[in-house]
Amino acid sequence: MRPGLQRYLVAVEYIGTRFCGSQQQLNHRTVVGVLQEAFHKFIGQPVTICLSSRTDAGVHALSNVCHVDVERVSKRKPGEVLPPHEPAVVRKAVNHFLQKEGDIMLTDVRSVPGDFHARFKAQERMYFYRLLNGPELLSIFEKDRAWHVSEELDLVAMQEACKVLVGHHDFSSFRASGCQSKSPFRTLEELSVLEMVSTPHFPSITEREQNGSNEEGQDSFCNKCKTGLPTGSISNDIMAGDSKSGADLGFGIRRRHRCYVITARSRSFLYHQVRLLVGVIKSVGTGDLKVSDVERILNARSVTAASPMAPARGLYLGHVKYELP
């Protein structure tokens, strides 16, 4: 890397609904394209963004990571190279130019050595997938943010299915055609499913009354919201009534969906691997597949054996782990 260039490691979050994926495409709005335009406006010259992880159209990111090389040149004296910008300055300035986009922003910026590569230095990637379960129509606040499954889901069966898939396997059955990886083998460090409080979450009358009448209610309720569930499932009170019950919640008060979050963690993933895994787990939850079928699908080593792939809208890239210098 030539003198004067500073490499930055950049964490970015975005809502994937209006993006045609992450990688740059001619005449299409992409994550890389929008970021490169914002950096260009900031420093006055083109840059190249290198992402740690590609995401498809409709896939969201709580934290994707990229690196970018920036040369700070004086605007008063063209050609004069100045000391690099502080990371906080880069973050603030680029976010200023991203404001009009409304669905993407930088969350962290670090200065790193010139040979630090966002993709190849990544030690682990973590994805989340949100399933909203129940017969009610999906709230517009959840539009394009989760997969709505109307059939009842069996949480225990889905958890058992996850156990079959954790570990080092040939994941050819969970590898979409067009995958460029040389090997179908991957090690899933974690594949789990938990029932969580759906967001946005607003307290029901029952929750507010419990909070006011119980001296420890506030701590108890806050802990449930922060950590998910103390026992692995949400009570009917928290859900404002079981979706199967006929209890009248009152005019204008809608019944909430159950929210299941699938977590997948590995150093790297195959093309569409997470969405194919979720498709099978969901099918086990609805009873279309048995837990024993999961091992059969895995051993088939053919993507034609798997269930239909889960839609992009429920998938979130959650975190990319590094050992920073």
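This is a predicted model: local features need pLDDT of at least 70, side-chain atom pairs count only at pLDDT 80 or more; totals for chains, interfaces and linings use all residues.
Residues are numbered from 1 along each chain as its sequence is written, and side-chain values use heavy atoms, with hydrogens and water left out. Local features need pLDDT of at least 70 and side-chain atom pairs count only at pLDDT 80 or more, while totals for chains, interfaces and linings use all residues.

**Exercise 1.** Find out how confident the predictor is in this protein.

*Solution.* Start with the average pLDDT (the predictor's confidence in each residue, from 0 to 100), which is 89. Next, see that 88% of the residues score at least 70. Finally, look at residues 224-243, where pLDDT stays under 50.

**Exercise 2.** Work out whether helix H6 is buried or exposed, and what span its residues should have.

*Solution.* Helices are DSSP runs (H or I) of at least four residues, and strands (E) of at least two, numbered from the N terminus. H6 covers residues 273-286. Buried means under 20% relative accessible area, exposed over 50%, partly exposed in between (1.4 Å probe, protein chains only). Of the 14 residues of H6, 14 are buried, so the helix is largely enclosed by the rest of the structure.

**Exercise 3.** Locate Ser307 and describe its surroundings.

*Solution.* Ser307 lies in the loop between helix H7 (291-300) and strand E10 (315-321). Ser307 is buried, at a relative accessible area of 10%. Leaving aside neighbours within four places in sequence, its contacts (heavy atoms within 4.5 Å) include Leu276, Gly279 and Ser283.

Terms used:
The expected span of a helix is 1.5 Å times one less than its number of residues.
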